[in-house]
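Hi,

Here is the model we talked about, ready for you to open.

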Amino acid sequence: MSNSVNSASKRRVSRQAVVQWRDQVITVGGDAPVRVQSMTNTDTADAIGTAIQIKELARAGSEIVRITVDTPAAAAAVPAIREQLDKLNVHVPLVGDFHYNGHTLLTDYPDCAQALSKYRINPGNVGQGAKRDTQFSQMIELACRYDKPIRIGVNWGSLDQDLLAKLLDDNAAKSEPLDLRQVMSEALIQSALQSAARAEEIGLSGDKIILSCKVSAVQDLIAVYRDLAMRCDYPLHLGLTEAGMGSKGIVASTAALAILLQEGIGDTIRVSLTPEPGAPRENEVIVAQEILQTMGLRHFTPMVIACPGCGRTTSTYFQELASNIQSYLRHQMPIWKKDYPGVEAMNVAVMGCIVNGPGESKHANIGISLPGTGESPAAPVFVDGVKVKTLRGDNIAQEFQIIVDEYVKNTYQTKR
């Protein structure tokens with residue numbers, strides 16, 4: 001095993017929290033795997049639409065799903081959402097995201113408080129002045145009453161202004177003051193730690209607390225979490241608060257999360273992508289999974305290895321086959337994972353010419369080396385390093401998919 005994998009496997013020691021609904025028990029922290037989370041962008045008051053999106057996120061592999069609870073209509077809809085999901089046998093735990101009025105909504109809608117598996121509380125948005133302590137305490141007392149874990153989620157964009165003002169004043173009085181970003185980072189961390197300490201004073205068990213300190217810049221996130229990780233043993237949720245759209249959001253999230261995960265920091269992650277118009281919400285789940293899988297931390301679905309193409313591969317056939325196979329594998333996983341444990345670690349190679357094609361194909365569990373420009377119109381197929389057949393003609397894609405299916409059925413022991 002390489003040094004990089006060894007380093008990534010040396011996780012920071014944290015407490016272990018449990019987020020669950022019925023038989024779906026998700027452990028967070030301790031020696032549990034890094035968990036994948038996501039968040040809906042539907043109007044929570046639309047119970048059917050929200051339940052459909054949660055089902056899609058869960059099917060894609062989201063182990064915990066967060067929903068906005070910001071109005072009486074949204075709070076009233078939460079039990080109906082939970083009921084719809086239970087009817088569909090989707091027991092993914094739901095997290096209520098509260099700002100400003102969470103204390104009121106959880107009090108006025110006890111069925112909502114019970115149907116949620118976890119509460120997310122932003123200490124910067126629980127109230128101002130004297131109301132802050134009262135309203136925060138009220139939410140913690142409700143978490144205790146319903147035996148729910150919480151995430152104290154501090155955010156750069158909604159930081160506790162009183163705490164920040166105090167730290168800025170203290171900093172100004174120093175002979176060598178810190179720069180503004182360092183003060184804001186300290187404010188984020190203090191807000192999280194002080195809120196967690198207060199929650200425990202009120203009576204919430206420390207193993208029901210998860211922390212996050214989200215910012216939108218990669219270097220700031222890394223610095224904040226390195227510091228936070230050294231100052232507490234609570235499980236930590238990672239994610240850029242606004243990663244952005246498309247490749248920018250994917251690259252920024254990967255850059256930040258990969259560094260922290262490699263250092264053993266992080267117990268749950270979310271990739272907060274701004275969706276392209278019409279793009280499926282579950283893309284953020286796929287990216288989060290692929291970060292963990294490419295780092296060797298977890299396996300979710302068989303991975304396709306494909307060459308980038310060059311002047312030897314002027315045909316797009318291998319690109320289409322690689323894309324189709326990857327989509328097929330991901331689509332099959334909800335079925336396969338029930339009957340074929342271990343299939344998620346399978347590697348499939350789809351290569352485009354003779355230069356690296358046979359070699360890469362031999363290294364994969366199943367590989368195909370398609371003919372490049374000017375090469376013989378034949379595609380050798382390798383299974384566990386051994387050439388088993390050569391495909392020719394117009395049905396190469398269909399025949400290769402059959403080989404993949406047969407390999408899965410013959411290689412991975414079924415639960416039946």
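Two housekeeping points. This is a predicted model, so to speak: local features need pLDDT of at least 70, side-chain atom pairs count only at pLDDT 80 or more, and totals for chains, interfaces and linings use all residues. Residues are numbered from 1 along each chain as its sequence is written, and side-chain values use heavy atoms, with hydrogens and water left out.

Pockets first. A pocket here is an open set of points on a 1 Å grid over the protein atoms alone, where a 1.4 Å probe fits, with protein on both sides within 12 Å along at least five of seven lines; lining residues have an atom within 4 Å of a point. Volume is the space filled by probe spheres set on the points, which are joined across faces, edges and corners. The largest pocket comes out at about 1200 Å³. It has 35 lining residues, and A58, R59, G61, P334 and K337 are the closest to its centre. Helix α12 (317–339) gives the most to this lining, with seven residues; helices are DSSP runs of H or I with at least four residues, strands runs of E with at least two, both numbered from the N terminus. By class the lining has eleven nonpolar, eleven polar and 13 charged residues (nonpolar: Ala, Val, Leu, Ile, Met, Phe, Trp, Tyr, Cys and Pro; charged: Asp, Glu, Lys and Arg; polar: the others, Gly among them).

The second largest pocket has a volume of about 330 Å³. Its lining counts 18 residues, with R66, N155, T241, E242 and R270 nearest the centre.

Now the sheet. Eight strands make an open, parallel one in the order β8-β7-β6-β5-β4-β3-β11-β9, where pairing takes at least two DSSP bridges between two strands. Its edges are β8 (209–214) and β9 (237–238). Inside, β3 and β4 share three bridges, and S38 stands opposite V65.

Finally, S369 in strand β15 (residues 366–369). Is S369 buried or exposed? It is buried, at a relative accessible area of 4% (buried is under 20%, exposed over 50%, partly exposed in between, with a 1.4 Å probe and protein chains only). Its side chain reaches the backbone oxygen of C353 at 3.4 Å. Strand β15 runs parallel to β14 (residues 347–351), joined by four bridges.

Cheers

Terms used: A polar contact is a pair of N or O atoms within 3.5 Å; within protein, one must be able to donate a hydrogen and the other to accept it, and residues adjacent in sequence count only if both atoms are side-chain atoms.
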